[in-house]
Amino acid sequence: MPSVVIKGMGAYAPKNVVTNEDLSQIVDTSDEWIRTRTGIGERHLADESETVSFMASEAAKEALENSGLSIEEIDLLIVATMTPDMLFPSTACLVQSKLGLKKVASFDIEAACSGFLYALEVGSSMLKAGAYKNALIIGSEKISGIVDWQDRTTCVLFGDGAGAAVLSKSEEPDIGVLGALLRADGDAAHLLHMPGGGSNIPASSESLDDRQHFLKMNGKEIFKVAVRYMEQATLDLLESKGLTIEEIDCVIPHQANMRIIDSLGERLGVPKEKFVNNLVRYGNTSAASIPIALTEAVKLGKLKKGDHLLLIAFGAGLTWGASLIKWT
Ligand code: ACO
């Protein structure tokens, strides 16, 4: 079985940085409440020109440059997003056009905050199966476009941005993306969703009056299950790969809430120094959070050849999972 390695990473963050103090001018909140409950200090919010496809393309360009590959060598494109530019065509097709990537297989994956892990698993499996050689895998989100700016319980949590990875097939065995464990539970769909805008509740004056076109979340209930689900997925994945938690050198969790991350670290018995976190500067960027953090970790030299890297995520769906990578 050939391996699939990450050849290059890239990220894009919108220019506009909005602090907790700024948000306290819009809704009844405070820097103290947001920091102590979530660990978030500021977030980047996209302007009109910074669409999900634009941010994805910018992140992809950086990943390509870092990979040393040319655009002509890419033969597969996957974009993970829950905030596509529009319902159709897919954001991947818009990114394909922006990058000048001609006629390669391109599609979106929607698994909310677990989207990048789903895309990584689908992309690496397609490369391993043999029909493709090099893939661009992108997580890109403009959550500011679907957040209810009158709802202080959600609008303070999210941010915009994109992260991208170039994956390549390698004949060297047992390196790179070693595998993933992905899970979903649609019975809990109501805990985090945007009811309006799809074919079930199309836009109407009633749906607008009812604010159906905004993200709605039961944060408390998600909090309860998130840690347990991520812990179990991690332990099951490690067991299936014959590794122990002590053999993990670096953990990049989905950046949603510092209390969730700390609790996950405690339950898994992973020291804080092994975690990569940038939540304080980005907030929750959903499918973009892990690739943005991984890009920063690579830039800071936090990963060395042979390190075991664990990516762990959860999000709307509910969806959750863990991926294991032997860094090259
Ligand atoms: N500022 C000030 N007060 C606030 C704010 C705010 N922004 N938001 C809520 N409050 C108030 C509430 O009204 C409540 O007041 P009350 O006691 O008078 O009723 C009080 O603060 C406590 O609210 P809780 O909801 O109990 O706060 P909690 O400690 O649970 O934290 C939070 C809320 C941060 C949302 C937490 O539950 C959480 O992080 N949950 C996980 C959510 C998550 O990570 N979702 C990611 C999914 S990712 C994806 O797929 C997009």
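The legends below describe close-up views of a predicted model. Local features require pLDDT of at least 70 and side-chain atom pairs count only at pLDDT 80 or more, whereas totals for chains, interfaces and linings use all residues. Residues are numbered from 1 along each chain as its sequence is written, and side-chain values use heavy atoms, with hydrogens and water left out.

**View 1. Helix α3 and its packing partners.** Helices (H or I, at least four residues) and strands (E, at least two) are DSSP runs, numbered from the N terminus. Helix α3 comprises 16 residues, 52-67, and spans 22 Å from its first C-alpha to its last, close to the 22 Å expected at 1.5 Å a residue; the expected span is 1.5 Å times one less than the number of residues. Its buried residues (under 20% relative accessible area, 1.4 Å probe, protein chains only) include Val 52, Met 55, Ala 56, Ala 59, Ala 60, Ala 63 and Leu 64. The buried residues of α3 pack against β1 (3-12), α4 (91-99), β6 (134-142) and β7 (160-170), where contact means heavy atoms within 4.5 Å. Just after α3, Gly 68 adopts a positive phi of about 80 degrees.

**View 2. The largest nonpolar core.** A nonpolar core is a set of buried Ala, Val, Leu, Ile, Met, Phe, Trp, Tyr and Cys residues joined through side-chain atoms within 4.5 Å. Among the 48 residues of the largest such core, Leu 310 and Phe 314 touch the most other members. Two or more residues are given to this core by each of α8 (219-241), α9 (258-268), β12 (308-315) and β13 (319-326), and α8 supplies the largest share, eight residues. Leaving aside residues up to four places away in sequence, Phe 314 touches, among others, Cys 113, Ile 222, Met 230, Ile 260 and Trp 320.

**View 3. Cysteines without disulfides.** With a disulfide taken as a pair of cysteine sulfur atoms within 2.5 Å, the count comes to zero. The sulfur of Cys 155 lies 16 Å from the closest cysteine sulfur, in Cys 113, too far for a bond. For Cys 250 the closest cysteine sulfur is also in Cys 113, at 20 Å. Cys 155 is buried at a relative accessible area of 1%, and Cys 250 is buried at 4%.

**View 4. The surroundings of Thr 295.** Thr 295 belongs to helix α11 (residues 289-299) and is buried, with a relative accessible area of 3%. Its side chain reaches the backbone oxygen of Gly 10 at 3.2 Å. Beyond residues up to four places away in sequence, Thr 295 touches Met 9, Gly 10, Ala 11 and Glu 62.

Technical notes: Buried means under 20% relative accessible area, exposed over 50%, partly exposed in between (1.4 Å probe, protein chains only). A polar contact is a pair of N or O atoms within 3.5 Å; within protein, one must be able to donate a hydrogen and the other to accept it, and residues adjacent in sequence count only if both atoms are side-chain atoms.
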